[in-house]
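The sequence and structure are shown first.

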Amino acid sequence: MLELSKNEISQLTQDHVFWTWSAQANVDPIIVKEARGVHFWDANGKKYLDLNSMTMCVNVGHGEKRITDAMVKQLNQITYAAPGMATDVRSYASKILAEISPGGELKKILFTLGGADANENAIKLARGYSGKYKILTRYRSYHGATAGAMAATGDPRRWMWEPMLMPGVVHFLDPYRYRSTFHRLNHEITEEEFSTDYLNHLEEIIQFEGPETIAAILLESVTGRNGVIIPPDGYLKGVRELCDKYNLVMIVDEVMCGFGRTGKWFAVNHWDVVPDIMTMAKGLTSGYAPLGAVAMKPYIAEAFNNRVYQSGLTYTAHPISLAAAIANIEVIKEDKVIENSAKMGLVLRKMLNDLGEKHESVGDIRSIGLFGILELVKNRETKEPLTPWNNTSPEMISFRKYCLEHGLFLYTHWHTVLILPPLIITETELKEAIDILDEALNITDQTCY
Ligand SMILES: Cc1ncc(COP(=O)(O)O)c(C=O)c1O
């Protein structure tokens, strides 16, 4: 095993590593050395509680031997198989994904390497199936960094690459209650009215764009990085009905919110909605190996019965990744990880509410299962965000620095703090994290007027 010193790693990194999502001059990475459960350790032996499951993916926690053992066993059997070959892991992983899919109805599975290419393939399937080309997605969304997935992404990360991205995407507004465009003056409306207003907005866009030109609506069931926006009751069902009414394919992106994150296998299950296509990655292997998947209803697959599906990847259905996925799903079932997510989700919610009561800078709290967010503001009345749009602020930087210094690894995005621990977290570990957040929020409270 390669053993480099901390200084060697720093030097080689500085000389040779090109970072994604970063201005190269500003990167100061944690040198991570070891990880177990909900914790990891850096090269100085400092321990961190991982409140972001690394990249919102280590759902079953770090260092799970049942998964690594399964991967090693697979390595010793067959390491790689051509995309056109069948393997035991490919057939079995497809079967169990079909079984756990919403309503057990998404029976055909296409494997990819991660979330972006799962969404790329979902778009291709919808276009190939329907013969139409437009894709409707929401502004507050992220669907991946490849050209098609980035075009589908609504958030500012796509701006840098426009207009070279995939054409044909039209964005619409998200049902975001805290900052609802339609309801700035009226907070008294019911969940149902709120939902109806946003469905009417979507229907108007469908009509303006022309249903005969629209292949699919693609949306995160619960929006991830763009705000943990939980759809109001009736919203996803309403999107399903609009898809049926106008003959559009409904694609849900469960890359971040799938595999127990919200306290159910998939977030759509909370509202009993069955999409036509669902994309997955992250929690599919809990990050033990790269893997994405597209689950689809049989009629989508049948559209390609006598027509070649012109797409593929050298590493599709990689046996090592599939062995990791199968073992990961077994761990989720055996250890009742989803039940823990639901149970600890309630505990987390109470702890977040307490933080909200204590700290003026907490403007809004949203959570579902172990998928939570704090939205920080300078003023609760005006809801002025703690940072400018698409930017950070000195207070937000100090907030994150305080957390890291005190051993809490977490993700902040603009004026929000994301809370996505591994789903095996205990109440004591959650409390440990919340106590650090409690102290750190004193920094952001100072900006309040
Ligand atoms: C909702 C959602 N979709 C898609 C992706 C892209 O996944 P990947 O980074 O595996 O390509 C992400 C990644 O964060 C995501 O959160």
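## Backbone geometry

Met 56 lies in helix α2, which spans residues 53–56. The model is predicted. Phi of Met 56 is near 55°, a positive value in a residue that is not glycine. Met 56 is also buried, with a relative accessible area of 4%.

Asn 247 likewise is not a glycine, and its phi is positive at about 60°. Asn 247 belongs to the loop between α8 (235–246) and β8 (249–253). Is Asn 247 buried or exposed? Asn 247 is exposed, with a relative accessible area of 54%.

A further backbone feature is the cis peptide bond between Glu 162 and Pro 163, where omega is about 5°. Pro 163 sits in the loop that runs between α6 (147–152) and β6 (169–172).

## Helix α3

Helix α3 covers residues 65–77, 13 residues in all. From its first C-alpha to its last, α3 reaches 18 Å, close to the 18 Å expected at 1.5 Å a residue. Which residues of α3 are buried? They are Ile 67, Met 71 and Gln 74. These three cover an arc of only 65° around the axis, which puts them on the same side of α3. The spacing follows a general rule: an α-helix has 3.6 residues a turn, so residues three or four places apart point the same way. On the other side of α3, Lys 65, Lys 73 and Asn 76 are exposed.

## Ligand site

The shell around the ligand consists of Gly 114, Gly 115, Ala 116, Asn 119, Tyr 142, His 143, Gly 144, Glu 220, Asp 253, Val 255, Met 256 and Lys 282. By class, the shell holds 4 nonpolar, 5 polar and 3 charged residues. Helix α5 (residues 115–130) supplies the largest share of the shell, 3 residues.

| Residue | Protein atom | Ligand atom | Distance |
|---|---|---|---|
| Gly 115 | backbone N or O | oxygen | 2.8 Å |
| Tyr 142 | polar backbone atom | nitrogen | 3.3 Å |
| Asp 253 | polar side-chain atom | nitrogen | 2.7 Å |

Taken alone, the ligand exposes 390 Å², and the protein buries 78% of that area.

Methods: Residues are numbered from 1 along each chain as its sequence is written. This is a predicted model: local features need pLDDT of at least 70, side-chain atom pairs count only at pLDDT 80 or more; totals for chains, interfaces and linings use all residues. Side-chain values use heavy atoms; hydrogens and water are left out. A residue is near a molecule or strand if one of its heavy atoms lies within 4 Å of it. A polar contact is a pair of N or O atoms within 3.5 Å; within protein, one must be able to donate a hydrogen and the other to accept it, and residues adjacent in sequence count only if both atoms are side-chain atoms. Accessible areas come from the Shrake-Rupley method with a 1.4 Å probe; for residues, only the protein chains shown count as cover. Helices (H or I, at least four residues) and strands (E, at least two) are DSSP runs, numbered from the N terminus. Ala, Val, Leu, Ile, Met, Phe, Trp, Tyr, Cys and Pro count as nonpolar, Asp, Glu, Lys and Arg as charged, and the others, Gly among them, as polar. The expected span of a helix is 1.5 Å times one less than its number of residues. Buried means under 20% relative accessible area, exposed over 50%, partly exposed in between (1.4 Å probe, protein chains only). The arc is that of the directions from the helix axis to the C-beta atoms.
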